[in-house]
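Work through the exercises below with the model open. Try each task before reading its solution.

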Amino acid sequence: MGEINVSFQIDTDNRENFSSAISFHTFKKQRDAFYDILRIWEENHLVPGWVFQIALGGKIRSMLAMHNDCTNYYHIARLFKSQLLISCMQNRHQDDVVDDESLNFLKALKHVNPEKLTQLSKRFVTPLPSQSQNVGPLFPGMQEFFKDFILHAFNPIFYTHLENCFVHEIMELNDTQFANSEIEDSETMVDDQTQQNFIICLASLRLLAKVLGLLVSLPYRSESNTTKEIIMTQIEIRNKVLPSLNLQTCLQNAIIEGKLSLTIPWIVKYLAMMDIVSLRLPYYKQILELLYYIYHAINQTDLTAPDCLISQQSAVLLKSSLCWLFELSNFPRDFYIVWQKTCKIKELKSLKQMEKFFEKRKNSHSVDCVIPVKSNLDKLDIITDRTMRMCCPRMESTFSVFHGNGTNLNINSNKHITPVTSQLRRLGGTTRAKHLELQLEEAFFHGQPASTRKTVDFVSERVASTCVKHICNTLLTSSREVNLNSFRKILKHKRIEKDSDEQSELSKNYFNEFKALLVSDMNTLANNASRELKDQCEKTIPAICKTRVAASIESLLAEDSLTAVKEMCIKIATRIAMERINQWIQSHIAGDSLFIKDMELEINRFFRNNSPVHSKQEKYHNMDAPNPTTMMDELRGLIWHMLDNNGIGLTISSVLDTLDKLYQSFNQRDDLLPGPQKVLCYLSIDFALFLVAYRTDLFTREVQDKLIKVWLSDNLRNEEDNSPMHRILCSRNIMLLMQAQNDALWPIFGKFLKRLLETKIVDGDNLSDQCVALFRQDWPVPLLKLLSKCLSEAIEGYKANDEATEKVKYLLGWIAETYHEIEFCDDDEL
């Protein structure tokens with residue numbers, strides 16, 4: 001198999017780390033014996049009739065007993081742990097290497113038949129269907145050797161040191177920090193390297209936790225069925241014994257620090273190895289209860305809320321992991337009912353409540369304790385489909401979690417096929433050389449202090465971020481400006497041509513027709529700008545990167561570092577930094593989308609200032625019309641008046657006067673900018689909702705006519721794609737109407753929605769999407785019945801003009817009926 005052995009570490013394996021010369025030399029013999037045992041297992045474990053205990057049991061016990069010194073046991077345990085991670089983790093990732101020629105061939109397949117390629121990829125990742133009972137953790141491949149080594153060592157001293165070593169490594173890995181990328185657009189995005197590091201860290205944690213669980217539960221394993229009397233006796237004897245790994249603190253810290261997606265998967269793996277008695281002990285019972293609270297809180301959390309503490313991918317990962325644990329045969333299911341009642345009493349119904357609860361408890365236990373800054377790992381887009389397959393191998397085969405937009409689980413009925421090795425997997429010469437180069441880099445770091453690797457990683461990450469910011473602030477800015485200047489000239493030229501051809505009455509499709517004429521020019525400009533920018537980056541960035549890396553390495557490495565070591569560190573850091581930079585360029589610049597987006601915005605700007613509508617229907621500027629700021633203040637004042645005093649003193653004439661002035665602001669102010677215009681539109685919708693809620697008597701047909709007239713203004717109709725009307729039935733507005741506690745307002749609001757549908761201010765398809773979105777949250781049953789009345793009024797007598805509109809009408813009718821009939825289960829029910 002050619003397993004990689006643990007390299008000699010200068011910091012921990014030298015003579016100074018042993019109590020005596022005899023201890024040092026004996027450990028070298030023990031190390032050789034350990035690898036001899038591993039070699040024998042590799043060569044013979046698949047031979048029929050070969051038995052581990054007979055062949056290697058005596059060798060293992062002799063090797064461990066060579067020198068009964070705690071230092072030797074510690075080093076053997078550390079060697080065992082390091083070799084476990086190398087054999088079971090590092091070699092797994094070497095199988096992922098694909099040469100450039102094969103990669104280009106696979107990419108070319110996308111253009112042959114994209115639909116068939118998508119189906120084929122789904123069949124590769126679709127897990128095999130299984131109807132069998134949920135099974136516990138297994139030890140496949142190389143893990144079997146380390147499991148049998150522990151089972152046949154029969155050395156309690158070695159077990160103790162191995163347990164200490166595993167606990168230390170788990171706590172170190174669990175404290176690993178993963179931050180969002182500074183070179184990505186979104187605050188939650190991470191680069192590929194961070195995702196890869198997270199997968200390696202999580203897989204290492206799960207592996208170590210599984211082996212530690214085996215080690216801890218070893219004295220309590222029983223091959224026969226355990227009776228109720230035996231369980232009670234064992235609980236009475238063991239209920240005061242605390243484990244070496246403080247799971248409760250790990251879980252509470254994970255809630256406070258926002259890193260449940262890192263902590264829960266390995267805790268689940270650890271608990272799965274426990275015997276049936278251990279999980280009923282008071283200590284572990286508290287852990288299981290807390291896990292149930294977390295599962296319940298995730299189910300109650302609105303994952304679409306902007307202030308949600310967890311991403312949708314993380315929620316799926318946690319729920320899948322916890323469901324797997326809850327279905328194991330050794331899990332005490334009889335605790336469920338008690339936990340549900342306790343959960344309701346403690347009001348731990350969401351992750352926010354849990355975070356506040358445990359943060360308060362942590363502060364109360366220690367006045368001087370320092371709570372670490374939240375890393376918000378759970379909010380990052382760091383969970384990939386590979387992470388899901390690794391942590392949740394038994395996920396239902398009908399679900400494909402990360403296909404589509406990620407908000408829903410899409411049903412997938414693809415049959416699984418097992419991929420086999422083809423000629424594509426044979427690495428070419430270039431790829432072999434690159435692979436060998438990476439192995440040499442690993443060997444170089446093994447011969448250096450651990451701080452050297454950390455320094456190289458830190459420098460490469462910071463220099464890459466600096467270079468990307470240089471591209472954004474300097475090269476990209478100038479390229480975008482040059483591209484826009486060229487596009488503005490084309491805009492003016494095309495405008496003159498089109499206006500000379502079109503002398504008829506202008507239609508609503510003028511904008512789309514004009515934009516269609518520019519598609520070819522936009523693509524050409526974007527391609528040229530992208531290519532020129534990439535050329536500029538290739539010329540200037542490598543030199544900047546190398547200069548900054550060299551200066552940083554020189555400053556951060558130890559003064560006594562050899563020149564050859566510094567030069568090698570500079571080369572490695574430069575390579576890693578350039579890979580990060582090229583990855584960013586490939587994802588943000590190579591696709592041309594950035595320049596096309598700029599040009600689309602420029603078209604909108606051009607039409608606002610030079611629209612043919614303006615040239616033929618001059619929009620005059622009325623100095624007497626209220627300015628946008630005045631109207632904002634007036635609308636806010638009226639809304640606050642209704643909120644504080646229920647609108648007492650408000651008259652129909654004052655409402656109509658306000659709406660008339662609002663119409664003038666929209667149509668007679670030539671200085672109305674897009675920002676204030678959108679704010680006024682939002683405020684006008686809120687004003688209408690508050691009238692419905694608090695002064696239904698003033699929401700007359702005349703007032704509705706004025707509102708519709710305002711919303712039909714040309715300025716607002718041009719912004720239909722991003723209209724606030726798309727959120728008129730959002731959860732925030734439903735809560736607003738609910739606070740009035742006036743059941744009579746819902747039919748009135750429904751009739752108003754009908755008028756908005758008839759005037760096409762609200763699109764029926766979009767309204768149905770808003771109604772479906774309300775299903776994602778739990779609402780009181782009385783409110784759902786009121787919503788049913790509201791929608792029934794909205795679609796009553798609504799005439800559909802085509803088949804698509806008719807389908808939307810029937811969908812809205814079905815939603816109204818569902819709102820009327822739906823009943824939510826009590827929290828007390830399982």
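**Exercise 1. Charges over rings**

Over the face of which ring does Lys285 lie, and at what distance from the ring centre?

Solution. Lys285 lies over the face of Phe335. The distance from the ring centre is 4.6 Å. The rule: NZ of Lys or CZ of Arg must be within 6 Å of the ring centre and within 35 degrees of the ring normal. Now take Arg238. Arg238 lies over the face of Tyr220, 3.5 Å from the ring centre.

A note on the source: this is a predicted model, in which local features need pLDDT of at least 70, side-chain atom pairs count only at pLDDT 80 or more, and totals for chains, interfaces and linings use all residues. Residues are numbered from 1 along each chain as its sequence is written, and side-chain values use heavy atoms, with hydrogens and water left out.

**Exercise 2. Aromatic pairs**

Find how many aromatic pairs the whole structure holds, then describe the pair Phe690 and Tyr694.

Solution. Step one: apply the cut-offs. Rings of Phe, Tyr and Trp (its six-membered ring) pair if their centres lie within 6.5 Å; planes under 30 degrees apart are stacked, over 60 edge-to-face, and the rest tilted. The search of the whole structure gives 30 aromatic pairs. Step two: Phe690 and Tyr694 are stacked, at 5.8 Å centre to centre with 15° between the planes. Helices here are DSSP runs (H or I, at least four residues), numbered from the N terminus. Step four: check burial. Buried means under 20% relative accessible area, exposed over 50%, and partly exposed in between (1.4 Å probe, protein chains only). Phe690 has 8%, so Phe690 is buried. Tyr694 has 18%, so Tyr694 is buried.

**Exercise 3. Salt bridges**

Count the salt bridges, then work through three of them.

Solution. The cut-off: a side-chain nitrogen of Lys or Arg within 4 Å of a carboxyl oxygen of Asp or Glu. By this rule there are 22 salt bridges.

- Arg39 and Glu43 meet at 3.4 Å, N to O. Both lie in helix 2 (residues 21–44), 4 residues apart, about one turn of the helix. Arg39 is partly exposed at 37%. Glu43 is exposed at 51%. Asp36 joins Arg39 and Glu43 in a network of salt bridges.
- Arg453 and Glu442 meet at 3.0 Å, N to O. Arg453 is in helix 19 and Glu442 in helix 18 (residues 429–446), so the pair ties together parts 11 residues apart in sequence. Arg453 is partly exposed at 29%, and Glu442 is partly exposed at 32%.
- Arg755 and Asp705 have their closest N and O atoms 2.5 Å apart. The pair links distant parts of the chain: Arg755 in helix 31 (residues 745–758) and Asp705 in helix 28 (residues 701–711), 50 residues apart. Arg755 is buried at 15%. Asp705 is partly exposed at 35%.

**Exercise 4. The setting of Thr455**

Is Thr455 buried or exposed? Which residues does Thr455 touch?

Solution. Thr455 lies in helix 19 (residues 450–501). With 15% relative accessibility, Thr455 counts as buried. Contact means heavy atoms within 4.5 Å. Thr455 touches Ile553, Leu556 and Leu557, leaving out residues up to four places away in sequence. A polar atom of the Thr455 side chain also lies 2.8 Å from the backbone oxygen of Ser451.

Methods
Helices (H or I, at least four residues) and strands (E, at least two) are DSSP runs, numbered from the N terminus. A polar contact is a pair of N or O atoms within 3.5 Å; within protein, one must be able to donate a hydrogen and the other to accept it, and residues adjacent in sequence count only if both atoms are side-chain atoms.
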